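Q: I would like to learn how to read helix packing and chain shape from a model. Could you walk me through it?

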Amino acid sequence: MIMVNTHTYATLIVGAGFSGLGAAIKLAQADIEDIVILERSDRVGGTWRDTSYPGASCDIPSLLYSFSFVKNPTWSRTYSPADEIRSHIEEMATRFDIRRRIRFGQEVTGLSFDGSAGVWTATTAVGRRFRARTVVLASGPLADSSFPKIRGIASYRGHKIHSARWDPDYDFAGKRVAVIGTGASAIQIIPELVKQARFVKVFQRTPGWVLPRWDIATPPAVQTVFTKAPAVQQLARQALFWGHEASATALVWNTPLTSLVARLGRLHLHWQVKDPWLRRQLTPDFTPGCKRMLVSSDYYPALQRDNCKLIYWPIATLSPVGIRTSDGIEHHLDCIVFATGYDVHLTGPPFPVTGLGGRLLNNEWAGGAKAYKSASVHGYPNLFFTTGPNSGPGHNSLLVYIEGQLDYLVRGITAILDNDLRYLDVRDDVQRRYNARIQQRLTKTTWMSGCSSWYLTREGFNAAMYPGFATQYLRQMRDFRFADYHAVARAAGVRVSSSA
Amino acid sequence: MSIEMEAMLVKIKDRQWALADIDWTAPGAETIDGEFRPKLKAFMADLCWIENIGARGFSALAKKAPDSTLAEIYRYFHAEEQRHANAELALMKRWGMLGDGEMPEPNVNIRMAMQWLDTYADGMSLSILGTVIPMLEVALDGALLKFLLDEVDDPVCHQVFEKINNDESRHLAVDFEVLNMIGHAKARRLAIDFVGSVASPGLIIGALMYLPLLNRVRNELDDMGMEPERLYNAVKRFKQLGDRGEHTWRVPTYQILKRHAAMVVNPRHPYHLLANSMVWLSDRYPRPLLRPVPSWFKELTHEPAA
């Protein structure tokens with residue numbers, strides 16, 4: 001039975017992770033109080049709520065991997081562990097009194113816009129409907145995961161764990177364990193698993209660039225200073241921000257500095273791995289930055305422990321007892337950990353989004369997602385994306401970029417509500433010009449230098465990354481141009497702004 | 001002759017097999033007779049090390065591949081050569097040629113070849129590696145393995161080599177397609193590449209390793225009673241497969257190897273005076289000068305499960 005909530009909210013937010021909660025805080029600060037947040041789980045936290053594998057932590061310093069408007073002076077380490085980030089998000093929801101706005105257990109299964117009424121309707125998996133004049137899609141880029149389609153996976157009889165959906169009850173002590181994948185999650189999991197398991201076999205397809213990570217405990221004195229003088233913490237955050245900004249000149253564009261990063265990576269490898277053959281197998285063959293940079297000081301040492309082995313042979317198939325590799329050997333295993341990443345929805349959210357005239361977002365994005373400033377999409381008025389198309393950073397904190405998106409959507413939503421608009425739809429020509437420029441700029445970036453990564457669609461289209469400095473991105477997000485949109489008034493359906 | 005590399009990669013993935021697919025305890029091991037056994041042991045040891053060296057060659061090729069599909073194919077070929085070596089070790093184990101924990105000792109020419117591979121292979125051009133590897137594969141596929149099947153009656157050996165031969169036929173199809181592709185390059189590019197490679201110390205040292213290694217194996221086969229025609233036919237096949245490609249003839253390394261192979265298979269050619277002297281000399285090479293065995297050499301195993 002479908003239950004319709006007859007109230008039409010000012011704003012409906014999909015997701016109660018960092019972005020969704022951030023949006024609610026910022027909207028409330030702009031006096032937009034009539035908000036509802038739909039969250040599929042029973043807790044806030046988004047990806048960080050679900051990330052609970054051993055060793056999980058952020059790989060951008062916590063001072064920068066947080067919102068500037070939600071200060072936390074007591075981060076325990078440079079790179080805080082996942083449970084601390086989870087607590088921070090929980091505390092953020094409490095501190096800003098967001099929880100009362102959240103409807104838990106409401107997984108959105110569809111979003112549809114009624115152009116004549118200027119109202120979005122969200123349907124949820126439990127059969128409820130929510131109406132709102134504006135929508136913030138904050139479902140996150142890394143919210144979903146599934147086991148990869150590896151040959152024979154259904155035949156495997158042992159235990160399977162996905163890194164993004166950890167099984168906290170499984171006891172690794174004395175177990176024969178495989179980890180498939182050597183990306184950002186794997187390099188955090190492996191050093192922890194080798195401490196418990198009988199042996200760990202690491203199945204690698206492509207080695208990544210690994211830079212050392214200086215992860216130190218924050219001295220209590222520093223925490224005290226940050227608590228008593230928030231300006232000092234802000235200063236530290238700024239220093240980190242500009243340090244990361246500088247790294248764009250090596251990681252976003254292929255420059256002589258990119259070669260320097262490669263040298264650093266090789267030096268790190270040389271320093272940590274003495275066996276020349278193992279070193280060769282761990283040496284990446286793509287431009288640094290093309291795939292996500294990895295930071296770890298304990299991954300290489302873990303690989304060289306007596307109970308750990310790097311397997312670089314291709315996986316031929318999974319069998320009932322383990323993994324068969326192409327060198328003809330069957331690896332008998334008790335548990336396989338799939339550190340194979342997330343289901344990144346490069347062609348739109350995993351549910352139908354129906355815009356003006358019944359148009360479907362997944363259809364329009366099938367050839368590659370396109371938006372205006374990563375936030376608005378022509379034909380889908382009053383809908384604002386966080387972590388939308390071409391908003392990913394390769395060198396700086398995602399949270400910094402999200403803050404830019406929050407500022408933008410607050411301006412957009414304020415414009416709709418203050419002007420009592422039926423809808424505000426970004427102009428097609430503006431969106432086209434913007435994307436032409438973005439794609440042209442992307443051609444010069446490391447992401448397009450020939451490696452295959454989750455940033456690209458199967459056809460090689462990059463709808464994930466923003467080709468520039470965070471400063472540039474933030475500047476464009478601060479600049480909300482009303483003239484870039486068709487604005488239609490609610491009452492008489494008259495156009496408020498002219499179209500091109 | 002043109003093959004679609006994407007389709008080939010799919011086929012390769014579809015045709016994977018494992019040591020666990022074979023019943024290593026099935027009857028037939030007793031068919032190896034006493035007199036033949038030591039010769040077969042020496043030959044099998046060399047064969048499996050040569051497969052292992054081939055594997056290392058493919059690993060170097062994977063880094064040279066012009067596109068990701070070919071790189072992935074070479075990644076599989078690297079593993080498949082290793083699989084062949086593992087299967088050959090398992091046959092030796094089955095025939096009682098290896099004690100518990102025993103591994104066959106690589107001869108001095110193998111040790112030198114491996115040393116060379118570790119030092120220079122990753123720096124060799126696609127045209128050099130892409131020609132030497134098919135040459136070795138044709139020799140293995142066309143002569144050694146067929147000879148072995150004629151001499152050995154063990155049905156498990158036949159089962160293993162049928163699988164190996166099927167893999168090798170895919171390797172050859174790709175090898176010669178790539179050779180043809182290399183030959184498609186502009187003459188100037190081929191010349192620069194060739195002169196640049198030949199003038200390199202890596203290739204000169206490589207040739208000094210390659211000549212005695214090849215002759216040592218040839219002599220072993222001779223000792224086991226293999227007719228020279230088999231090797232002659234193998235080299236003829238190398239030429240036939242190469243000449244089938246429209247552009248392969250333009251690759252200078254191909255022309256040189258073709259001529260060199262013709263000398264190797266002719267037992268009366270004066271070339272053997274030189275090559276056998278090199279074998280003799282290498283036997284006297286001071287062992288302490290050899291570098292430690294690289295760790296990739298220790299990956300070999302006759303155990304189907306790990």
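A: Gladly. Let us begin with handedness: a crossing is left-handed if the near helix is turned anticlockwise from the far one by less than a right angle, and right-handed if clockwise. Helices here are DSSP runs of H or I with at least four residues, strands are runs of E with at least two, and both are numbered from the N terminus. This is a predicted model, where local features need pLDDT of at least 70, side-chain atom pairs count only at pLDDT 80 or more, and totals for chains, interfaces and linings use all residues. Residues are numbered from 1 along each chain as its sequence is written, while chains are lettered from A and ligands numbered from 1 in the order in which they are written.

Q: At what angle do the axes of helix α1 and helix α11 of chain A cross?

A: Axes are lines fitted to C-alpha atoms, for helices over the stretch in contact, and angles run from 0 to 180 degrees between N-to-C directions. For helix α1 (residues 18-29) and helix α11 (residues 398-418) of chain A, the axes cross at roughly 45 degrees and come within 9 Å. That makes α1(A) oblique to α11(A); angles under 35 degrees count as roughly parallel, over 145 as roughly antiparallel, 65 to 115 as roughly perpendicular and the rest as oblique. The crossing of α1(A) with α11(A) is right-handed.

Q: Which residues make the contact of α1(A) with α11(A)?

A: Two residues are in contact if their C-beta atoms, placed from the backbone, lie within 7 Å. From α1(A) come Phe18(A), Ser19(A), Gly22(A), Ala23(A), Lys26(A) and Leu27(A), and from α11(A) come Leu399(A), Ile402(A), Leu406(A), Leu409(A), Val410(A) and Ile413(A). By class, this contact has nine nonpolar, two polar and one charged residues. Ala, Val, Leu, Ile, Met, Phe, Trp, Tyr, Cys and Pro count as nonpolar, Asp, Glu, Lys and Arg as charged, and the others, Gly among them, as polar. The spacing has a simple background: an α-helix has 3.6 residues a turn, so residues three or four places apart point the same way.

Q: Is the crossing of α2(B) and α3(B) left-handed or right-handed?

A: It is left-handed. Helix α2 (residues 36-64) of chain B packs with α3(B) at about 165 degrees, the axes being 8 Å apart. That makes α2(B) roughly antiparallel to α3(B).

Q: How many residues of chain B are in contact with chain A?

A: 21 residues of chain B touch 18 residues of chain A. On the chain B side, helix α3 (residues 68-94) gives the most, with nine residues. That side of chain B divides into 11 nonpolar, six polar and four charged residues.

Q: How many residues of helix α4 of chain A are buried?

A: A residue is buried if 20 or more other C-beta atoms lie within 10 Å of its own, exposed if 12 or fewer, and partly exposed in between, with C-beta atoms placed from the backbone. In helix α4 (residues 186-193) of chain A, seven of the eight residues are buried, including Ile187(A) and Leu193(A). Among the elements of chain A they pack against are β8 (176-180) and α9 (299-303).

Q: What secondary structure does each chain have?

A: Chain A has 13 helices and 20 strands, whereas chain B has 11 helices and zero strands.

Q: What is the radius of gyration of chain A?

A: The radius of gyration is taken over C-alpha atoms, and the globule rule is 2.2 Å times the number of residues to the power 0.38. For the 500 residues of chain A the rule gives a value near 23 Å, and chain A has 23 Å, which agrees. Of those residues, 48% count as buried.
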